Amino acid sequence: MVGNGGGGDGPGGTTLFVGELHWWTTDDDLEAELSKYGQVKEVRFFDEKASGKSKGYCQVDFYDPGAAASCKEGMNGHLFNGRPCVVAFASPHTVRRMGEAQVKNQQSMAQQNSGVQKGGRGGGAAGGPGG
């Protein structure tokens, strides 16, 4: 793995990317969970410009690199508010890639909910048979 000099890049960094969160996750909810691993410096959610609603991912800064590494190990794949979250050391590259993946997931869900896509993973669309 080649580092590019970013503050959160790889082991030894203090900045993590946390994704696959529900849009309604609050800073306080997430910080309470993250603080189990060490003191959190800052939680910064990425919001949709048009609606102001969370995109479901954020950047987390820890004071201690050891806390960030423990958090990555402990939280990656951990169920948080019923969803397994994705945690990785942040770099411009990982934030961009994971943000794009989150957008694709949201677009897929929107298609399922609008009935454009048949046989979606989650089901639960209104107006379906049965009830």
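The following legends describe close-up views of a predicted model.

**View A. The buried residues of helix 2 in the predicted model.** Helix 2 spans residues 65-75, and Ala-67, Ala-68, Cys-71 and Met-75 are buried within this element. When the helix is seen down its axis, these buried residues fall within an arc of 100 degrees, so they line one face of helix 2. An α-helix has 3.6 residues a turn, so residues three or four places apart point the same way.

**View B. Elements that cover the buried residues of helix 2.**

**View D. Glu-20 in the loop between strand 1 and helix 1.** Glu-20 has a positive phi of about 65 degrees, although this residue is not a glycine. The relative accessible area of Glu-20 is 22%. Buried residues lie under 20%, so Glu-20 counts as partly exposed.

**View E. Asn-81 in the loop between strand 4 and strand 5.** Strand 4 comprises residues 79-80 and strand 5 comprises residues 83-84, with Asn-81 in the loop between them. Asn-81, a residue other than glycine, has a positive phi near 55 degrees. With a relative accessibility of 32%, Asn-81 is partly exposed.

Definitions and conventions. Residues numbered from 1 in each chain as written. Predicted model: local features only at pLDDT ≥ 70, side-chain atom pairs only at ≥ 80, totals over all residues. Heavy atoms only, no water. Buried < 20%, exposed > 50% of the residue type's maximum accessible area, 1.4 Å probe, protein only. Helix = DSSP H or I, 4+ residues; strand = E, 2+ residues; numbered from the N terminus. Arc of directions from axis to C-beta. Contact = heavy atoms within 4.5 Å.
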